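Please consult the sequence and the structure while reading.

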Amino acid sequence: MTTDTLSHVHRLVPGTDPNRRPVLLLHGTGGDETDLLPLGRAVAPGAALLSPRGAVLEHGRPRFFRRLAEGIFDETDVRRRAHDLADFVLAARERYRLDAPLALGFSNGANIAVAVLHLRPEALAGAVLLRAMVPLTEPPVARLDGLPVLLLSGSADPIVPAENAARLAARLVGAGATLEHHVLPAGHGLTQADLDLTTAWLARH
């Protein structure tokens, strides 16, 4: 396991299976570069894991971009941080000789992954979005032709309204992504169904 900074404090767990794509782990609010490593090992055994820490602090808790209130984002900061994260991924790929990764993001981490898809789609080979919502009211018209995306929403999620998740799904499809969207009987937290669907999806990609 390697710890280095580049532009983000991060962990790299080298891969042991050359047939698996690297996975970019993007934590939720209050997580850090170690938070999703157990999840990554569970759902993508043998894959290299690249796990950065969000560079924004909210009351001492790391995030990937600023928000003004629950569900209300500082969209100027979203755009800036999405470009910063994409630059980090490209630098890490060069340093560690990695292929383009599949993002695996939860909550705030899923939201920054969506922003990267909209702004810098070349940085990712696809994405698993766990409890994601629309991060930009007017995203650029990115082309995601054929890019695989798994979106897992919770029907009882108190943070992500069903309408918001549906709007995100429609935008991804409209941009050309190959989207698989499941609405699970769950809240904002993850369930075994999330793990099972993610594991199966990653095994195919």
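The radius of gyration is taken over C-alpha atoms, and the globule rule is 2.2 Å times the number of residues to the power 0.38. For 205 residues, a compact globule would have a value near 17 Å, and the chain agrees with this at 15 Å. The model is predicted: local features need pLDDT of at least 70 and side-chain atom pairs pLDDT 80 or more, while totals for chains, interfaces and linings use all residues. Residues are numbered from 1 along each chain as its sequence is written, and side-chain values use heavy atoms, without hydrogens and water.

**Overall form**
- The chain has five helices and 12 strands, which are DSSP runs numbered from the N terminus (helices: H or I, at least four residues; strands: E, at least two).
- Taken along the principal axes, the C-alpha atoms fill a box of roughly 40 × 35 × 30 Å.

**Helices α2 and α3**
- The axes of α2 (residues 75-96) and α3 (residues 108-119) come within 9 Å and cross at roughly 80 degrees; these axes are lines fitted to C-alpha atoms over the stretch in contact, with angles from 0 to 180 degrees between N-to-C directions.
- That makes α2 roughly perpendicular to α3, a term for angles of 65 to 115 degrees.
- In α2, residues including Val78, Ala82 and Leu85 take part in the contact with α3, where contact means heavy atoms within 4.5 Å.
- On the side of α3, the residues are Ile112, Ala115, Val116 and Leu119.

**Largest pocket**
- The lining comprises 14 residues, and Thr29, Arg67, Glu70, Ser107 and His188 lie nearest the centre of the pocket.
- A pocket is an open set of points on a 1 Å grid over the protein atoms alone, where a 1.4 Å probe fits, with protein on both sides within 12 Å along at least five of seven lines; lining residues have an atom within 4 Å of a point.

Definitions and conventions
Parallel < 35°, antiparallel > 145°, perpendicular 65-115°, else oblique.
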